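I opened the model today to look up a few backbone and packing details. My notes follow in the order I took them.

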Amino acid sequence: MSKEIIDRALYLLTYNSLEENTSNVNNKARTFYGRVLQQCNIKPTTVIPTMGVCFNKFILKLELVYNPEFVASLSMKEVIAVLIHEMEHITRGHIYQEQGNKKLLNYAMDMEINQYIENLPEWAVMPDDSMSKFESYQYYYNLMKDRLDNDKCPMCGGDLEEETESNNSSSGENEGMSSNENNNPSSGENKSMSSNGKVCNNCKARIVDDHSLWGDMSKEDAIKGVNDLIQRTIQKNDYSYNDLPDHIKDLTKYLKKAINGMDIKSMLAKAIKKSVLSAKETYSWSRTSRRYGVFSQGSTSDHEPSVEVLFDTSGSISQDEFGKYLSIIEKLVKSLNAKIHVSFFHTTNYHRQSYGRGKPVEWDKIESGGTCLQDSFSFIEKVKPDLTFVLTDGYYGDISVKDKEMSQVFFLISKEGDVKHPIASRKWSKTLQMKD
Ligand SMILES: [Zn+2]
Ligand SMILES: [Zn+2]
């Protein structure tokens with residue numbers, strides 16, 4: 001029976017068939033949401049008391065799960081409103097941006113979106129009168145966090161009190177919760193948002209749905225899941241880019257960028273991990289310590305791993321692109337506590353500086369010119385950093401170095417560059433191509 005309710009709600013949502021449609025979520029967005037939900041597995045569950053978005057690890061897809069009792073307790077308009085609520089969480093990136101006090105975040109995110117949605121259950125949390133309207137959840141979060149830090153109720157700013165037997169069991173205060181109190185996760189959870197267990201007896205509002213399932217997704221899974229869902233909806237319904245609601249246009253751009261960045265990151269991370277493992281057998285810095293892993297010299301506790309990043313400034317790679325990869329590299333080697341040096345080269349290695357720990361790249365030192373790696377690699381051969389990255393187009397001649405003197409070098413070749421560059425086959429080199 002609950003399935004019929006959901007199906008009917010999806011139909012009404014997609015075709016905007018409810019007479020009084022006064023929602024701030026416009027018709028174009030409502031139709032799009034209805035179509036997205038039709039591409040989504042929607043399954044009953046008793047794991048959560050309301051409704052929520054989760055990631056199915058077996059099929060690598062986002063799913064919507066709902067508790068049949070919860071759905072049955074709502075009016076049709078409320079079901080539609082809660083479905084829109086779920087879509088707003090998805091399209092605003094809430095499901096992958098969570099960090100901070102979970103409970104406050106849940107309220108803040110619901111506050112952000114509920115203002116746009118008509119016909120939500122009456123207990124759905126809204127910003128209070130002193131909060132400004134239509135702000136982002138970060139605004140509500142910060143405001144509520146301030147209140148809580150001052151031992152006030154985060155939602156209304158009132159005083160918090162010890163939760164006593166009487167206010168705990170008093171059913172009168174929960175009148176706003178309607179008959180499905182037992183189905184509501186946040187009512188059962190506990191009312192307290194403060195760490196000392198104090199509660200506010202004025203606030204009856206609750207979050208609409210269940211955000212706890214988001215925690216099971218990695219950010220990567222969530223972003224891929226959202227992208228997959230949006231793209232399938234676009235294809236199945238023959239949406240042209242211009243037909244998409246504006247915020248969905250922005251979302252598709254964001255997702256594309258995030259996914260490209262992720263793929264490069266995971267590719268690099270894998271390559272680094274692999275080379276570090278193989279280096280373990282080859283190089284003298286192979287003795288491991290708990291803190292630095294294979295990057296530690298083991299015997300010398302003050303060994304600081306070093307990373308060299310070489311930038312071919314002959315012209316085919318932009319500063320932006322270099323900056324982007326540098327920050328990816330920086331993040332990947334961060335856990336190694338490595339010292340990073342950045343060099344610029346054309347026919348010689350003409351500028352070298354330390355980077356990070358407050359020191360930016362000195363872009364004003366950039367010169368253009370031809371490309372020759374000999375000077376840079378004679379230096380690498382001598383200095384023996386633990387890892388070297390070379391960002392280049394791959395167009396240059398061969399070099400002369402002693403293979404056994406070389407440590408691991410990653411070549412990151414530009415999109416139009418030559419992955420079969422002259423140094424690609426050396427055993428200490430590894431080549432990856434950049435993407436958008
Ligand atoms: Zn309160
Ligand atoms: Zn919510």
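I began with Asp 151, which sits in the loop between α6 (137-149) and α7 (165-169). The model is predicted, so I treat every value here as computed. I read a phi near 65 degrees for Asp 151, a positive value in a residue other than glycine. Most residues other than glycine have a negative phi.

I noted a second case at Lys 384, in the loop between α12 (374-383) and β7 (387-392). Lys 384 is not a glycine, yet its phi is positive, about 50 degrees. Lys 384 counts as partly exposed because it has 15 C-beta neighbours inside 10 Å, a count between the limits of 12 and 20.

**Overall counts**

I listed 12 helices and 9 strands in the protein. Of the 436 residues, 34% are buried. Taking contacts between residues at least 6 apart in sequence, I found that 63% join residues at least 24 apart.

**α1 against α2**

I looked up how helix α1 (residues 2-14) packs with helix α2 (residues 27-38): the angle is about 145 degrees and the axes are 7 Å apart. The contact has 4 nonpolar, 4 polar and 2 charged residues. From α1 I wrote down Leu 10, Leu 13 and Thr 14. They meet a set in α2 that includes Arg 30, Tyr 33 and Leu 37.

**α4 and the cores**

Helix α4 (residues 76-91) has 16 residues and spans 23 Å from first to last C-alpha, close to the expected 22 Å. How many of its residues are buried? I get 13 of the 16, so α4 is mostly covered. Gly 93 follows α4 and has a positive phi, near 75 degrees.

I next went through the largest nonpolar core, which has 64 residues. Those touching the most other members are Tyr 33, Val 36, Leu 37, Leu 83, Tyr 107, Ala 108 and Met 144. α4 gives the most to this core, with 8 residues. Another core lies apart from it, with 25 residues, among them Val 307, Ile 340, Val 342 and Ile 423.

Last, I checked Ala 108. Leaving out residues up to four places away in sequence, Ala 108 touches Tyr 137, Tyr 140, Tyr 141 and Met 144.

Notes:
Residues are numbered from 1 along each chain as its sequence is written. Chains are lettered from A and ligands numbered from 1 in the order in which they are written. This is a predicted model: local features need pLDDT of at least 70, side-chain atom pairs count only at pLDDT 80 or more; totals for chains, interfaces and linings use all residues. Helices (H or I, at least four residues) and strands (E, at least two) are DSSP runs, numbered from the N terminus. Two residues are in contact if their C-beta atoms, placed from the backbone, lie within 7 Å. Axes are lines fitted to C-alpha atoms, for helices over the stretch in contact, and angles run from 0 to 180 degrees between N-to-C directions. Ala, Val, Leu, Ile, Met, Phe, Trp, Tyr, Cys and Pro count as nonpolar, Asp, Glu, Lys and Arg as charged, and the others, Gly among them, as polar. The expected span of a helix is 1.5 Å times one less than its number of residues. A nonpolar core is a set of buried Ala, Val, Leu, Ile, Met, Phe, Trp, Tyr and Cys residues joined through C-beta atoms within 7 Å.
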